[in-house]
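Hi,

Here is the structure I said I would pass on. Have a look at it first, and then read my notes below.

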Amino acid sequence: MHLTRIPKIPIMVFIMMLFISTLSLSSPLKVGVSIAGPPLVERVNTAQGPYYFGFFIDLMNNICKRIGTTCIYQEITLNNEFEFLDSGKIDVLIPIKPYTSSELKQYAASIPYAVSKIHFITSKDSPISDLADIENKKIGVIKQTFYDLLVQTSFQNHNQIVAYNKESDLLTDLAQHKIDVIVLNNIIAQRLLNNNLYNIKLIGQDIPLGQGYGILALTDKAALIAEINKAILSLEKDGTYTSIYDKYYNP
């Protein structure tokens, strides 16, 4: 049987293409994260540099593993996160707030890895006991989390919604009765209630707000987001996501 010899140049081209493809897949993914505090993201400084840990970090490390790469983390703030994403300083952003409609139009967005819900909170001695009681009240909310979403709801109609930059200020003003009600992510609200450090109570049930929590990239990275989507679905299917969630939220 006669075998036709393959020319050397096409073989070299094929090898180079294979090398470039492998290099591309193994390039670290630059992930922008905010130091949101436990259980989301924390940082400790080591001799080797900053070390990040928390729910977001475990989630992203598992996603990176499943798409054949590794994560490297770039610390960002709520004020500059989209500047870093738009300028290409990071490949993807994992925001601490839910998606907004404008973000879904402007960026490539993953499927949500978690639903977004809020819980209204008041002081234990407050007469407010139901969501229907929240009328003609001052409602405090963190500016960079749920503020933009909350002002688009019916709670804006008969209440004054006050924006805060820090959770500590929010809780202090509630304790001093400078505001009547505060709004937090439902998981954080439950954690604050459980630790018994604050004289608070939850109002009614948690309610959905926003379009879920996910991962954002520029539109030219739609293929990357498609791979991230596959990884999220895989993590959910085999129980890895539940294990990560329980590690931080149901220890």
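Accessible areas here come from the Shrake-Rupley method with a 1.4 Å probe. On that basis the protein exposes about 14,100 Å², with carbon and sulfur atoms supplying 55% of it. Keep in mind that this is a predicted model.

Now for the overall picture. You'll find nine helices and twelve strands in the protein. There are 251 residues, and 40% of them count as buried. If you take the contacts between residues at least 6 apart in sequence, 70% join residues at least 24 apart.

Next, the aromatic rings. Rings count as a pair if their centres lie within 6.5 Å, and by this rule the count comes to 13 aromatic pairs. One of them is Phe55 with Tyr113, a tilted pair at 6.3 Å centre to centre with 50° between the planes. This pair links distant parts of the chain, 58 residues apart: Phe55 belongs to helix H2 (residues 55-66), while Tyr113 sits in the loop between strand E6 (108-109) and strand E7 (117-123).

Are these two residues buried or exposed? Both Phe55 and Tyr113 are buried.

One last thing to look at is Lys89, which lies over the face of Phe84. The distance from the ring centre of Phe84 is 4.9 Å.

Cheers

How values were computed
Residues numbered from 1 in each chain as written. Predicted model: local features only at pLDDT ≥ 70, side-chain atom pairs only at ≥ 80, totals over all residues. Heavy atoms only, no water. Helix = DSSP H or I, 4+ residues; strand = E, 2+ residues; numbered from the N terminus. Buried < 20%, exposed > 50% of the residue type's maximum accessible area, 1.4 Å probe, protein only. Contact = heavy atoms within 4.5 Å. Phe/Tyr/Trp six-rings, centres within 6.5 Å; stacked < 30°, edge-to-face > 60°. Lys NZ or Arg CZ within 6 Å of the ring centre and 35° of its normal.
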